[in-house]
Amino acid sequence: MGVHSKAERRYRCHTCNKTFTETYGTPLHHLKSDTALVALVLTLLAYGCPTQAIVHAYNLDERTVGDWLWRAGQHGKAVQEALLCQERLDLGQVQADELCVRVRGGHVWLATVMTVASRMLLWGAVSRTRDTALIGSVVAQVRRMTRLQSPLLWATDGLGTWATQIGRVFREKVMTGRRGRPRLLPWAELHVTQVVKRFGKGRVGRVERRLACGDLFEALKVIRETQGTWGTFNTAYVERLNATLRTWIPALTRRSRHAGTEGSVEAGFFWVGVVYNFTRCHPSLMQRHLVSGERLDRTPAMALGLTDRRWTVEEVVRYRLPPPHTALHAVV
């Protein structure tokens, strides 16, 4: 890559011999607004500020703010896919859940998956129906992030589609040397647990914890490594994450008037998710320096090993995605 024009901030790719601007591959591409204002508005949107408040505070058009959020959501989704789906990670324990979100003309389902050890929001998907396609797309993305044959524990609710799709996706071919199609067997280190809540008189009566797939002792070993000595089968971590998402995304708030469309819910989710992963230091991930005892705050991306420092929101906005044919090898 070389400089094409310093005045216009354009560069030239020596591979395809094409020129591009400094903001190419970011939400700022083709925007004429001030970059600092765009970053400030996206920061407010990432932390739950209503759109109407931003419109009146900065004298902006509501459609302009919506367009910036849509751009940021598409960018956040691409950043998550570029930095996570290109890696083979030891996730340990992951928890999955679904949210019912009110939108214009009905409601949609938001399926989310996070890893317990690093509190990383791995992926999510939005659909009109809570069906096999929704759950299968999320499980397939997690499969792309996971190192082959590494110990993996899934904790889900009582929806049987999770266990079915996990067993279908996390399989490998067994070559026997015989003619015909090879058999597909589940991973030896794959464990699936279900937490079923029984309700009575409007509240949770009792909770059933059961092992749907895998070995009980190995599953408990993964829980001790990710939750601690007194950990057990639960979905508490993903439920806390869902509560955070409902706080930061106005469209997810219960009994609110901020109902949007299916596209706006997805854009808000991925933008809030990438900010949550790379810019927000989680209190439970804090460590002490071995020598000085200094407090070391960490983001979920730092805990997972994707980066060695905390990003700012403007750095997330300005992060340029590699071309589709280029693999991402270096750790950011």
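A: Arg 119 is buried, with a relative accessible area of 13% (buried is under 20%, exposed over 50%, partly exposed in between, using a 1.4 Å probe and protein chains only). Bear in mind that this is a predicted model, where local features need pLDDT of at least 70 and side-chain atom pairs count only at pLDDT 80 or more, while totals for chains, interfaces and linings use all residues. Residues are numbered from 1 along each chain as its sequence is written, and side-chain values use heavy atoms, with hydrogens and water left out.

Q: OK, where is Arg 119 found?

A: In the loop between strand E5 (106-115) and strand E6 (121-127). Helices (H or I, at least four residues) and strands (E, at least two) are DSSP runs, numbered from the N terminus. Arg 119 also has a positive phi of about 60°, though it isn't a glycine.

Q: And what about the phi of Gln 149?

A: Gln 149 has a positive phi of about 60° and isn't a glycine either. Most residues other than glycine have a negative phi. Gln 149 sits in the loop between helix H4 (132-145) and strand E7 (152-156), and it is partly exposed, at 38% relative accessible area.

Q: Switching to helices: which residues of H1 meet H2?

A: Leu 37, Leu 40, Val 41, Leu 44 and Leu 45 in H1 meet Thr 51, Ile 54 and Tyr 58 in H2, where contact means heavy atoms within 4.5 Å.

Q: At what angle do H1 and H2 pack?

A: About 150°, with their axes 10 Å apart. Axes are lines fitted to C-alpha atoms over the stretch in contact, and angles run from 0 to 180 degrees between N-to-C directions.
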